[in-house]
Amino acid sequence: MLLLLFFVLLIQFLTYWIFEPIASFLGYVLAIRWFPMIALLGLFFLFSSKNIEQN
């Protein structure tokens, strides 16, 4: 039983060690304070297309 508990705790520790930096980075990049900049860039690329048909 203690061996099983040891393996479960080891897996949880390694999962936290691997995925915590990724989650922290994504939380920083996709934070609310960056949303206006991302939205403006998205609108810029949406409306700056050179393939717009002209009538």
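1. Helix 1 covers residues 2-29, 28 residues in total. From first C-alpha to last it reaches 40 Å, close to the 40 Å expected at 1.5 Å a residue (the expected span is 1.5 Å times one less than the number of residues). Helices here are DSSP runs of H or I, at least four residues, numbered from the N terminus.

2. This is a predicted model: local features need pLDDT of at least 70, side-chain atom pairs need 80 or more, and totals for chains, interfaces and linings use all residues. Numbering starts from 1 along each chain as its sequence is written, and side-chain values use heavy atoms, without hydrogens and water.

3. Helix 1 has a kink of about 35° at Phe19.

4. The chain has two helices and zero strands (a strand is a DSSP run of E, at least two residues). Of its 55 residues, 2% count as buried (under 20% relative accessible area, 1.4 Å probe, protein chains only).

5. The accessible surface of the chain is about 5,800 Å², by the Shrake-Rupley method with a 1.4 Å probe. Carbon and sulfur atoms hold 77% of that surface.

Notes
Buried means under 20% relative accessible area, exposed over 50%, partly exposed in between (1.4 Å probe, protein chains only). The bend at a residue is the angle between axes fitted to the seven residues ending there and the seven starting there.
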